[in-house]
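Subject: Handover of a structure and notes on it

Dear colleague,

Please find below the structure that I am passing on to you. My notes follow directly after it.

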Amino acid sequence: MSTTGQIIRCKAAVSWEAGKPLVMEEVEVAPPQKHEVRIKILFTSLCHTDVYFWEAKGQTPLFPRIFGHEAGGIVESVGEGVTDLQPGDHVLPIFTGECGDCPHCHSEESNMCDLLRINTERGGMIHDGESRFSINGKPIHHFLGTSTFSEYTVVHSGQVAKINPDAPLDKVCIVSCGLSTGLGATLNVAKPKKGQSVAIFGLGAVGLAAAEGARIAGASRIIGVDLNPSRFDQAKKFGVTEFVNPKDHDKPVQQVIAEMTNGGVDRSVECTGSVQAMIQAFECVHDGWGVAVLVGVPSKDDAFKSHPMNFLNERTLKGTFFGNYKPKTDIPGVVEKYMNKELELEKFITHTVPFSEINKAFDYMLKGESIRCIITMGA
């Protein structure tokens, strides 16, 4: 392309300070360096993680910053050493990566790459620690190595999944974070068998994706657990068959679920980050074969407490990161599930806004009105 090796000037939604509306700015995007690619972002969506770090609650604030990590786009140019991607490839940038060389990448059981694992503190690129974004010479911090709230971004090649060019980027962009996290937690980690029962704790985007995984697996009962009763109607579209609001009961919710299911569900997936919900999810599975999977991220000082007999009675507790998907190896296959009509994505997309109105996406999420809001770049 004519822009290869050149600085690109484009629009980006810059967060200058915590909790304040993003500002549309003209930024300079440097060419990709070693093991990096520059991507033209066509569609991006807002994830709760963006909002959490934009609000700067409970972590070190890093501003000015370009947020965004769920997106789809086209490779514009590649840096030195990149051999598996080329200009014109349709790709999803991913907040975590797969270097291909570390013990985790060589393990069939892990997706937690030593080099490219999620790092919320890093504001520059791994190669040299520098930012590829600037305004009038002043660097703008990256976010999760993706920064997709920009018409062009630079990403480490190990964080880029090459996908089917026929896949609609305005749909499959949501595969790059929350959807895969929930879906994989069920399909890859909980692994319910056809006809089994599954409890999902938390019916936000990740929990609904976990329910979608249970539906695909053929679960006979999918019990949604949430404190917000307005989420229950929506959850039916994702295969949820029954609902439990812990506030409606004067006994522990794990006891309620055990009574509903003759001793406990076969599998449970916790998607809230609440330690209380984690305990409930573990203690509501059936002894002998029950498996509970933790997805939600707790506060740093939280501690999990449960009686050891729960383990001795052959309940299993597992954790997962990004649904145990390896970004480059596995995410193209998730896109193919959508292309083969095994996976429904449209029902996750509740709103669409032009890039110029990106702050509306934050409003929708803060009000609890959206599952996923697609932001159309160049609009």
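The side chains of S45 and E70 form a polar contact of 2.5 Å. A polar contact here is a pair of N or O atoms within 3.5 Å; within protein, one must be able to donate a hydrogen and the other to accept it, and residues adjacent in sequence count only if both atoms are side-chain atoms. The model is a predicted one, in which local features need pLDDT of at least 70 and side-chain atom pairs count only at pLDDT 80 or more, while totals for chains, interfaces and linings use all residues. Residues are numbered from 1 along each chain as its sequence is written, and side-chain values use heavy atoms, with hydrogens and water left out.

S45 belongs to strand β3 (residues 36–45). Helices (H or I, at least four residues) and strands (E, at least two) are DSSP runs, numbered from the N terminus. Because its relative accessibility is 0%, S45 counts as buried; the term means under 20% relative accessible area, with exposed over 50% and partly exposed in between (1.4 Å probe, protein chains only). Leaving aside neighbours within four places in sequence, the residues in contact (heavy atoms within 4.5 Å) with S45 include D50, F149, I174 and R372. The C-alpha atoms of S45 and A361 are 8.3 Å apart, although 316 residues separate the two along the chain.

The side chain of E76 meets that of R38 at 2.6 Å. E76 is buried, at 1% relative accessibility.

Two pairs of packed helices come next. Such a pair is described by the angle between the axes and the distance between them. The axes are lines fitted to C-alpha atoms, for helices over the stretch in contact, and angles run from 0 to 180 degrees between N-to-C directions.

In the pair formed by helix α1 (residues 48–55) and helix α11 (residues 358–366), the axes are 11 Å apart and the angle is about 100°. The two helices are therefore roughly perpendicular to each other; angles of 65 to 115 degrees fall in this class, those under 35 count as roughly parallel, those over 145 as roughly antiparallel and the rest as oblique. On the α1 side the contact involves H48, V51, W54 and E55, and on the α11 side F362, M365 and L366. By class, these residues are five nonpolar, one polar and one charged. Ala, Val, Leu, Ile, Met, Phe, Trp, Tyr, Cys and Pro count as nonpolar, Asp, Glu, Lys and Arg as charged, and the others, Gly among them, as polar.

Helix α4 (residues 178–190) and helix α10 (residues 327–339) cross at roughly 90°, and their axes come within 12 Å. This makes α4 roughly perpendicular to α10. L179, S180, L183 and L187 of α4 make the contact with I331, V334 and K337 of α10. Five nonpolar, one polar and one charged residues make up this contact.

Helix α8 (residues 275–283) is largely enclosed by the rest of the structure, because seven of its nine residues are buried. These are V275, A277, M278, I279, Q280, A281 and F282. Among the elements that cover them are β10 (197–201), α7 (253–260), β13 (267–270) and β14 (291–294). S274 caps the N-terminal end of α8, with a side-chain oxygen 3.3 Å from the backbone nitrogen of Q276.

The loop between α7 and β13 contains T261, which is buried with a relative accessible area of 12%. The side chain of T261 reaches the backbone oxygen of I257 at 2.6 Å. Beyond neighbours within four places in sequence, T261 is in contact with R221 and I223.

Some backbone details also deserve mention. F63 and P64 are joined by a cis peptide bond, with omega of about -5°, and P64 lies in the loop between α1 and β4. K191, in the loop between α4 and β10, is a residue other than glycine with a positive phi, near 50°. F322 is likewise not a glycine and has a positive phi of about 50°. F322 is found in the loop between β15 and α10 and counts as buried at 2% relative accessibility.

Finally, an unreviewed UniProt entry annotates residues 205–336 as "domain: Alcohol dehydrogenase-like C-terminal". UniProt positions are given in the numbering used here, feature names are shortened, and annotations may be inferred rather than shown by experiment. Over residues 205–336 the chain is 37% helix and 15% strand, with the end C-alpha atoms 20 Å apart.

Yours sincerely
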